[in-house]
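Biologist: Some labels used for protein models hide a cut-off. Please take me through a few of them and say how each value meets its definition.

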Amino acid sequence: MAIDFKIPLDGPFYDQLAVGQQLPRQPSVTIDEGVAALYQSLVGERMATVLDDRVSRAVTSTDGRLASPGLVMQFSIGQSTTVSRRAIANLFYRDVRLLRPVMIGDSLETSVTVAGLADGSHQPGRARRGKVLIDVVTYANGEPAVVYQRCPMLPQLDDDALPGHADDLGTTGDLDLGSYAELVPDWDFAALGLPTGWPASETITDPTRDVIAGATTLVRLTHNLAMIHRDAEESPYPQRLVYGGHVVGLAQASLSRVLPGMATVVGWHQCDHTGPAFEGDLLTFRHTLLDVTPARGGRALAVQVEGFAQRLDTEGLPTTGSDGTKILDWTVIAAAP
């Protein structure tokens with residue numbers, strides 16, 4: 001049985017949680033045209049199903065227009081931050097499955113349940129912390145639309161406490177593209193043009209680099225409560241830490257450039273933030289096609305997307321090499337002709 005509890009405004013902290021606890025839900029949100037336009041201005045996607053009512057109707061045979069699956073995930077993650085207001089970092093997302101398309105006008109609400117707890121390794125001079133595995137389910141108009149797990153790291157409220165949690169938080173496991181292909185909608189993919197020729201194992205580097213801008217706008221838009229993304233004084237770095245989902249949103253926009261005709265995203269096999277991101281970082285994305293399979297008149301493509309950040313020092317000189325620092329390793333499953 002799920003355990004409900006009253007969440008403190010400055011928490012919860014790691015040592016206030018127990019497996020089975022269900023966090024209070026944030027307010028539901030309707031994705032309207034204004035929200036979609038603001039998100040588009042922040043990431044710049046090139047998916048016709050998201051941009052053009054006529055194309056969306058032709059492909060989906062549904063009135064209205066598809067909401068970006070990236071935007072849906074931004075709200076899902078933001079609504080799940082009732083557990084990670086005090087997050088030090090988010091370690092991973094695992095087995096994200098978009099169960100049904102979300103359209104403009106749909107309303108989203110998200111449930112969050114603690115699935116596992118593991119004490120962090122303690123280092124002298126550093127406050128104690130722990131990993132919290134959570135089950136996330138996002139509903140669109142009351143029906144399950146997205147399911148996944150993610151794992152924030154939280155500090156303890158009582159630094160002298162020894163919670164003693166050592167749950168097995170699991171692993172991502174091998175990619176089973178067929179199980180994701182079952183999520184591809186039964187759409188008219190021919191309306192998006194001819195398939196893109198992209199041999200398996202080939203890597204494409206997007207020549208269009210992009211800069212992280214408006215990070216706090218996305219945080220506020222999606223009700224992301226994590227203090228680390230709003231307040232530089234909460235950051236372990238000299239500046240405010242950018243929400244990792246912002247990097248993923250730009251990565252999906254990059255994929256939409258290198259995969260013409262991309263219709264939607266049906267899953268994330270895994271998503272690891274391998275380094276911090278900051279406002280003003282210049283990002284480069286590298287896309288490798290891992291696998292492809294037919295799916296309901298279209299194709300499901302598993303793509304590894306790696307993101308690299310180049311940042312400047314106080315004199316305007318690059319602080320890293322020409323490739324930048326790797327900050328994202330994301331395996332995404334896209335649907336396309």
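**Labels and cut-offs**

Biologist: Why is Ser84 called buried?

Modeller: Ser84 has 2% relative accessibility and therefore counts as buried; buried means under 20% relative accessible area, exposed over 50%, and partly exposed in between, with a 1.4 Å probe and protein chains only. This is a predicted model, where local features need pLDDT of at least 70, side-chain atom pairs count only at pLDDT 80 or more, and totals for chains, interfaces and linings use all residues. Residues are numbered from 1 along each chain as its sequence is written, and side-chain values use heavy atoms, with hydrogens and water left out.

Biologist: Where is Ser84 placed, and what joins the side chains of Ser84 and Arg150?

Modeller: Ser84 is in the loop between helix H4 (69–79) and strand E4 (89–98); helices (H or I, at least four residues) and strands (E, at least two) are DSSP runs, numbered from the N terminus. A polar contact of 2.6 Å joins the two side chains. The term requires a pair of N or O atoms within 3.5 Å; within protein, one must be able to donate a hydrogen and the other to accept it, and residues adjacent in sequence count only if both atoms are side-chain atoms.

Biologist: What makes strand E12 largely enclosed?

Modeller: 13 of the 13 residues of E12 (residues 298–310) are buried, so the rest of the structure largely encloses this strand. Residues pointing one way include Ala302 and Gln304, those pointing the other way include Leu301 and Val303, and all are buried.

Biologist: How do you know that E11 and E12 pair?

Modeller: Strands pair if DSSP finds at least two bridges between them. Strand E11 (residues 282–295) is joined to E12 by 13 bridges, and they run antiparallel. Asp291 has Ala302 in E12 as its bridge partner. Eleven bridges join E12 to strand E13 (residues 325–336), also antiparallel.

Biologist: Why are H4 and H7 called roughly antiparallel?

Modeller: H4 and helix H7 (residues 244–258) pack at about 175°, with axes 10 Å apart. Axes are lines fitted to C-alpha atoms, for helices over the stretch in contact, and angles run from 0 to 180 degrees between N-to-C directions. Angles under 35 degrees count as roughly parallel, over 145 as roughly antiparallel, 65 to 115 as roughly perpendicular and the rest as oblique. H4 and H7 are therefore roughly antiparallel.

Biologist: What makes H1 roughly perpendicular to H7?

Modeller: Helix H1 (residues 33–43) and H7 pack at an angle of about 80°, with their axes 9 Å apart. That makes H1 roughly perpendicular to H7.
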